[in-house]
Amino acid sequence: QGASFGKEESTNKVVAVITARDLYIGCHSYHQYVSPHFETIYAFEKGYAELFELEKFVTGLNRNQTMGAHLFITDAEIGENSARNLGLGFIENAMEIEPHFMFSVNCDMHPIDTDHANYQTFEYITLELARTMGQERDIREYQNSTSWMQMEELMADEQPIYAMNTVIWLKTNSKDHLFDAEWHGIDHYHWHRDSFMNSVAKPDVLASTGASWLTKVDVFVESHALIFDVEKMKQIREEYFIWDSIPSETHAIGPLANKHGWVVRRHNEVHMFFDQGREYDEIMNNHEKYAPIAGNKDKVDQMLFMNYEIASRRRNPMEGYNIYQQYVKKNGVHMPDYYGGGFISFIWRDHYIPSFIKNIKATSEMGKRWIYSSMRFAGYYANGEENTFESPAAYPSTLQITVHDKKQAPPMNSFLTFTNGNNVTDYVSYDPRKYLVGPNYPVERRKFTLPVNDETVLDVSFCPLGRRDTNGFAYFHVVQEQCERDVTYGSPAIGNSLLAIDHEVCIGCD
């Protein structure tokens, strides 16, 4: 709606591409991503687009609100790399004047709160990143010399920039400053510590020339919001922009750039907020951010259910391992971890569970889909036998599971609890960084037949990857020392030394 299709040149030659990675829980406020100064591409799965009425939103915009808003609706879930590739195709085939830069943003990335002293609009963030990318590209191309400031030291930096990210915050504790805000990712070169905690200001040599304050982030690149050089994207599209849910994209982007003689930098003067999901009541009551699902319990539950089901299809051991193997074969860039749940195991919260799951009939359609998703998260897949799930091979990151005949008291991570009259069957998972199924794990313990019939109720359920409270602490079944034994799995990505639960010594480790 209101699309120029590149007939007008966007300010700072940029286009924005908005989609979801693997979690929808922090996605909202779709109106914030449009601007009369650049075009915006939305790419979402059909069910989610309908839930948030994105077509109605996009077609209701006018030229005063956007240079052009485009909604692509897909039959299956779509992730950031597919959306980036789609954006490249749109630029090449539909836009008369091609933008130089693409700002790829996951829909759980937002400006920090509007009432914060450091608030910046999405429009400002986009244009500032594009301005800096253009400035750096020109300096590096024509002068063959520029600089980036790492605290007290001015560093030579002549290689072309492939991509640039922003500072990312998880929580702001004060409305006046960011000194005690919660940082997301790695504090490269202690920039956060020194600039905020030690009050080191932007160096005069940068401020006086109008240069942006950049930090080198080639080793670990937070990829939730990245602006790319479009021409460089085109050069590597066949070796990179193919798979979504790359198990460890943070470790892949920098080495891939370096392989081509490029670099990745962080813009230290641009701030964004990574929303890892609000409490159920806040989603229900926040009509400004969560329209049109706010106030509608069924729609909020639908979003949470969709969030769980799609994440399980994208972040499971088989899918993660297969993507990793294809990726390595394609471009030779190795990632140090490819466990199925990836980042989800570090942020999952109890309130991501829809309200109707508790006490749902296990044989109902939604009950069965939830069970399938839970087992898939853990690395177990339906094998054709009734209610039977199996790990088809010892994929790295397949979780060890124990079965109990009584409910496990918190903080045990019971992820599926079935009741049938007075009978209880409880399935427990363990820390996904330590207790994994390896090649020497007994075959009979990689297969489970669930006790499900028409009378079975799914009493409670949580994510098998672990639970976290609002303070970010993980809940896992405590494993006694006598129940552990060292095993060697021979997994170069995860590491050779992991622990197994010795069922012969201590069944269930109660």
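Start with the disulfide. Cys27 and Cys107 form one, with their sulfur atoms 2.2 Å apart. The rule here is a pair of cysteine sulfur atoms within 2.5 Å. By this rule the count comes to 1 disulfide. The link of Cys27 and Cys107 is right-handed, with 65° about the S-S bond. Where do the two ends sit? Cys27 lies in the loop between E1 and strand E2 (39-45), and Cys107 in the loop between E4 and strand E5 (109-110), so the pair ties together parts that are 80 residues apart in sequence.

A word on the source. This is a predicted model: local features need pLDDT of at least 70, side-chain atom pairs count only at pLDDT 80 or more, and totals for chains, interfaces and linings use all residues. Residues are numbered from 1 along each chain as its sequence is written, and side-chain values use heavy atoms, with hydrogens and water left out.

Are these cysteines buried or exposed? Cys27 is buried, at a relative accessible area of 1%. Cys107 is buried as well, at 0%. Another cysteine, Cys463, also counts as buried, at 0% relative accessibility. For the cut-offs, buried means under 20% relative accessible area, exposed means over 50%, and partly exposed is in between, with a 1.4 Å probe and protein chains only.

Now strand E4, residues 101-106. Strands here are DSSP runs of at least two residues, labelled E and numbered from the N terminus; helices are H or I runs of at least four. In E4, 6 of the 6 residues are buried, so the strand is largely enclosed by the rest of the structure. In a regular strand the side chains alternate between the two faces of the sheet. Both faces of E4 are covered. Phe101, Phe103 and Val105 are buried on one side, and Met102, Ser104 and Asn106 on the other.

What does E4 pair with? Strands count as paired if DSSP finds at least two bridges between them. Strand E1 (residues 14-19) runs parallel to E4, over 6 bridges. There, Ala16 stands opposite Phe103. Strand E11 (residues 225-229) pairs with E4 in the antiparallel sense, over 5 bridges. Phe228 in E11 is the bridge partner of Met102.

Next, a separate sheet. Three strands form an open, antiparallel sheet in the order E14-E15-E19. Its edge strands are E14 (381-382) and E19 (447-449), each pairing on one side only. Strand E15 (residues 388-390) and E19 share 3 bridges. Phe389 stands opposite Phe448 in E19.

On a 1 Å grid over the protein atoms alone, a cavity is a set of points where a 1.4 Å probe fits but cannot get out; lining residues have an atom within 4 Å of a point. Grid points are joined across faces, edges and corners, and a volume is the space filled by probe spheres set on the points. How many cavities of 30 Å³ or more are there? The search of the whole structure finds 3.

Terms used: 1 Å grid on protein atoms, 1.4 Å probe; cavity = no way out; pocket = protein on both sides within 12 Å on 5 of 7 lines; lining within 4 Å.
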